[in-house]
Amino acid sequence: MGGRKANGSDRAPGRFGSMLDDQTLWRLEADFWTGGPAHYRACLRSDAVMVFPEPPGVIVGRDAVLASLAGAPRWETVEMTERRLLRLGEHAAVLLYRVRALRAGTAYRALCSSSWAGGCMVHHQQTPLSDG
């Protein structure tokens, strides 16, 4: 079946063959906030897990993530601060940061983490911060 692994852990369709440099990882991470479905298809592994405040909560798999984005407005501005990047060998990394984002006049703040392997996001989690 076209190189897909039985457990669904294939990489996103053919953009990256190995781990990315730090600057590229941060740019691709920001594009998950502001980009559309094409970015998710290219950079999100098929078996990825995303954990958001409810709703939607936990979303498993690229197709489910894409379905959750249908018709949702994207973030207009995104500021990632307190950035940390932890390399886990040659082909994996964890990004940790605080985000401030704006969408349709509504501000959002959260602590975030994303796990990357082989140049694709495999996990993303957000913990919202209260105002103040």
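## An exposed turn residue

At 61% relative accessibility, Ala104 counts as exposed. The cut-off for that class is over 50%. This is a predicted model. Ala104 lies in the loop between strand 4 and strand 5. Its phi is positive, about 50°, although Ala104 is not a glycine. Most residues other than glycine have a negative phi.

Glu82 also calls for a look at its backbone. Phi at Glu82 is positive, about 50°, and Glu82 is not a glycine. This residue is found in strand 3, which covers residues 77-87. Its relative accessibility is 49%, so Glu82 counts as partly exposed.

Most peptide bonds are trans. The bond from Glu54 to Pro55 is cis, with omega near -25°. The bond that joins Pro55 and Pro56 is cis as well, with omega about 15°.

Where do these prolines sit? Pro55 has its place in the loop between strand 1 and strand 2 (58-60). Pro56 lies in the loop between strand 1 and strand 2.

## The strand 3 and strand 4 hairpin

Strand 3 and strand 4 run antiparallel and are joined by 9 bridges. Within this pairing, Thr77 stands opposite Leu102 in strand 4. The hairpin has 4 residues between its strands. Gly89 takes a positive phi in this hairpin, near 90°.

## The nonpolar core

Nonpolar side chains tend to be buried together in soluble globular proteins. Here the largest nonpolar core has 29 residues. Which of them have the most contacts inside it? They are Phe32, Trp33, Tyr40, Leu44 and Trp116.

Leaving aside neighbours within four places in sequence, Trp116 is in contact with Met19, Leu25, Leu28, Glu29 and Phe32, among others. Its contacts also include Cys43, His91, Ala92, Ala93 and Leu95. Met121 and Val122 are in contact with Trp116 too. Phe32 and Trp116 belong to one aromatic cluster, together with Tyr40.

## Aromatic pairs

A search of the whole structure finds 6 aromatic pairs. One of them is formed by Trp26 and Tyr97, with ring centres 5.8 Å apart. Their planes stand at 75°, so the pair is edge-to-face. The edge-to-face class needs planes over 60 degrees apart. This pair links distant parts of the chain. Trp26 is in helix 1 and Tyr97 is in strand 4, 71 residues apart.

Are these two residues buried or exposed? Trp26 has a relative accessible area of 8% and is buried. Tyr97 is buried too, with a relative accessible area of 3%. Buried means under 20%, so both values qualify.

## Charges over rings

Arg83 lies over the face of Trp26, at 4.3 Å from the ring centre.

The charged end of Arg103 is placed over the ring of Trp75, 3.8 Å from its centre.

Conventions
Residues numbered from 1 in each chain as written. Predicted model: local features only at pLDDT ≥ 70, side-chain atom pairs only at ≥ 80, totals over all residues. Heavy atoms only, no water. Core = buried A, V, L, I, M, F, W, Y, C linked by side-chain atoms within 4.5 Å. Buried < 20%, exposed > 50% of the residue type's maximum accessible area, 1.4 Å probe, protein only. Contact = heavy atoms within 4.5 Å. Helix = DSSP H or I, 4+ residues; strand = E, 2+ residues; numbered from the N terminus. Pairing = 2+ DSSP bridges. Phe/Tyr/Trp six-rings, centres within 6.5 Å; stacked < 30°, edge-to-face > 60°. Lys NZ or Arg CZ within 6 Å of the ring centre and 35° of its normal.
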